[in-house]
Amino acid sequence: MTTNDKSESIDASVQKEAESPQRRRVLDLLQRMARTTALGGAAIGLAATEGCPPFAVDPLPPPFCADPTRVGLQLSMSLSGSWVSGDSGSVRVRLYVSSHDTVTFSPAVALSGATLVQTATTTNAIEVLLSPDAGAAAVTVHISVDCSGQVAAIVLNLDVRNPVLNANVPITVVAP
Amino acid sequence: MATVALVGPEIEENLSLRYLAAALSRAGEQVEIVPFNGPEAFRSTLQRLVGVGGPPAVVAISLAFQWRASECLAVAVALRSAGYRGHITAGGHFGTFAAAELLRDFPELDSICRHEAEETLVELAHAVRDGRPLAGIHGLALRESGGVVLTPLRAPPDLACLPWPTRFGEPVQCLGHRIAALVGSRGCYARCAFCCIAAWHEQTLPGKRFRLRPVDDVADEMAFLVHGRCIDTFIFHDDNFFLPSPTRSLERIEALADALDARGVGRIATVVKARPPDVTREVFGAMQRRLGLARVYLGIETDAKQGLQTLGRQVAQEQNHAAMGILAELGVYACFNLLIFDPDTTLDSLTANLAFMREHGDSPCNFGRVELYAGTPLLERMQREGRCTGDYLGWDYSIAEPRVQRIFELATRCFFPRNFAAGALANRLMSTRFDVEMCRHFRPDVFQSAWLERAKALSRALSSDSVRGLERIIDFSGADAVRSAQDDFVARLSVKLRATEAAVGAGAAELEHEVQRAADSEREDTHPFVPATLMTAEEFR
């Protein structure tokens, strides 16, 4: 195609009768974005490359099939976490991650800075009980979630320096 | 609100929006850039568009990035739902190539500005304001009589005549040095099969694909940025800073340096992008001596023979290695990305790229998969071969060799946080090293060579760990494991990868802090003239 003087009509009839799947996906995404709360994607830290340092020229985009942001998966997640009592006076962290989408959480949770005590998955949700390592300041939790065949990683960084044994006091999630 | 609102990412100075803003301003339109940096900004972006001051007559949405297209289209839909009745247009690489499909599926859009749109958007804004028909404007895609009409393409704008991109707000800084993005050219002389930039420029400039700004115009803009906005660090976003001939590259570098000298521009730092064949001792020696080269992003992309062919790189493995060797010899900071997965990747290809990562571990790098972008020869090939899944909003594919596809899937799960998540360490290390290089460049009085060695060691540690992790995945992929075994493997490997990231990340933070502290000490004023307020180009003139 080069510059020329003629307009070109192309076969792309405006689709009025039925909503295309592309449009349907955008409308779904719109709904998710519209109800985003402060705890949404920002806290869960799934946002992709826009968070890169400003001097990383040409940051690689994630593979399309694995990008949770493309369907707004991060926006459908909610998270709660608190300190609970463990054995022999120890303290543990109980995390509850859920989605209002149809997703499957993998029970194989990976941790750094903590030991996994147990996981329990239910419909569209996972509960993780973990025991921070002695002296650890932060714990990284890595959870795999499958949304319609698209497997994405949720990474949570927890500040575990100051345990508060109160179910009403949420644990601090810091940006990854 | 202005008469034209430009909506798009503004994580750093978005040159495409700012060139459009400058063209509109010069043509007498009131223009405002409304940043939309991600889903979290959705509501605030909408509020700004329909909020105080009345809505703009035209909303122009950037659809440059295919992976962000859905979010941006959602803005258009939400605007209409909120009662906006003005003209909504869109543009950018993706918008151009997918114009017909977008107008078919999204009646909220009134038009698409195709290709470089400085002139098209100005004519569109004037026509909307005056209530004139749009069909006579070249470079548009319009809905008409139930179908879509592409008006004739226009010749790309003369770069010598375009107003400089609008500058406003406080520039970003590194170690107290103000940074500006700019371009000295548009397009790239190469024609890689996966690159939408080459495909885009091939449509309007067949066979050439790149244009240069006159050296004096670039030097004038840089002098304004130095004297009017206290900039001393320039990130050239040229798709490729260099010309196909080293002799011509050298001539342009020397001419630009002379022109900057003549305008009283003092010590500066530059960041550029290059292809491996562009790297010669003479050219990069001149970049160091004359233009203060602080970093080159080297487009390696792949070091596998098969990969070089699939991606249409027209580069030989020997050129990749030679380029890295010359840059190391000159002491130039180079970083690169590797597309280790492509539609034809074999185990041998993977092995070749892992060897490259290991051999050049001192340089920060990231790795991933080649994606299928609208308009590219690679997408066309995959569609011809019936190998694409998905649709125009995002194409996907499986790697031909099933075992390599398994490796890709496992690698993506294990390495997502390291390579792609917000704050991904692979990207952060590029920034850490940049801090060190900026200190080396601007503050040799406080610079410690040990910092450079530490930055290299951090990159080496991460690259080596990535290679080891990928090798474990390759070993595991030999058995066709059931899903639960894969999950278990991913979890176990992820723990190790996250632990390395924690250690390397802590080392990077410590190094960044030390460099920052040293640079903050007894800072010398590097600017010959510091105005009380930052200037616009008009004020400077």
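1. **Basis of the model.** This is a predicted model, in which local features need pLDDT of at least 70, side-chain atom pairs count only at pLDDT 80 or more, and totals for chains, interfaces and linings use all residues. Residues are numbered from 1 along each chain as its sequence is written, while chains are lettered from A and ligands numbered from 1 in the order in which they are written.

2. **Confidence in chain A.** The average pLDDT of chain A is 73. In this chain, 68% of the residues score at least 70. Residues 37-54 of chain A stay under 50. For that stretch the model has 58 contacts beyond four places in sequence. Two residues are in contact if their C-beta atoms, placed from the backbone, lie within 7 Å.

3. **Make-up of chain A.** Chain A has two helices and ten strands. Helices (H or I, at least four residues) and strands (E, at least two) are DSSP runs, numbered from the N terminus. Along the sequence the pattern is β-α-α-β-β-β-β-β-β-β-β-β. Of the 176 residues in chain A, 45% are buried. A residue is buried if 20 or more other C-beta atoms lie within 10 Å of its own, exposed if 12 or fewer, and partly exposed in between, with C-beta atoms placed from the backbone. Among contacts between residues at least 6 apart in sequence, 54% join residues at least 24 apart.

4. **The seven-stranded sheet of chain B.** This open sheet has the strand order 8-9-12-13-14-15-16, with mixed pairing. Strand 8 (173-174) and strand 16 (365-369) of chain B stand at the edges, each with a single partner strand, so one side of each is left without a neighbour in the sheet. Two strands pair if DSSP finds at least two bridges between them. Strands of a sheet pair through backbone hydrogen bonds, either parallel or antiparallel.

5. **The strand 8 end.** Strand 8 of chain B runs antiparallel to strand 9 (residues 177-182) of chain B, and two bridges join them. C174(B) has H177(B) in strand 9 as its bridge partner. Helix 8 (residues 215-229) of chain B lies across strand 9 and strand 12 (231-236) of chain B. Its angle to strand 12 of chain B is about 145 degrees. Axes are lines fitted to C-alpha atoms, for helices over the stretch in contact, and angles run from 0 to 180 degrees between N-to-C directions.

6. **Strand 14 of chain B.** Is strand 14 (residues 293-298) of chain B buried or exposed? Six of its six residues are buried, so strand 14 of chain B is largely enclosed by the rest of the structure. Strand 13 (residues 269-274) of chain B runs parallel to strand 14 of chain B, with five bridges between them. In this pairing A274(B) stands opposite L298(B). Strand 14 of chain B also pairs in the parallel sense with strand 15 (residues 334-341) of chain B, over two bridges. There, Y297(B) has C335(B) as its bridge partner.

7. **A residue in contact with this region.** H441(B) sits in helix 16 (residues 425-442) of chain B. It counts as buried because it has 23 C-beta neighbours inside 10 Å. Leaving out residues up to four places away in sequence, H441(B) touches A269(B), G292(B) and A294(B).

8. **Two residues with positive phi.** H115(B) has a positive phi of about 60 degrees although it is not a glycine. This residue lies in the loop between strand 5 (111-113) and helix 6 (118-130) of chain B. H115(B) is buried, with 24 other C-beta atoms within 10 Å. S145(B) is not a glycine either, and has a positive phi of about 50 degrees. Its loop runs between strand 6 (140-144) and strand 7 (147-150) of chain B. S145(B) counts as exposed, with 9 C-beta neighbours inside 10 Å.

9. **V31(B).** V31(B) belongs to strand 2 (residues 31-35) of chain B. It is buried, with 23 other C-beta atoms within 10 Å. Beyond four places in sequence, its contacts include A2(B), L6(B) and L24(B).

Key. pLDDT is the predictor's confidence in each residue, from 0 to 100.
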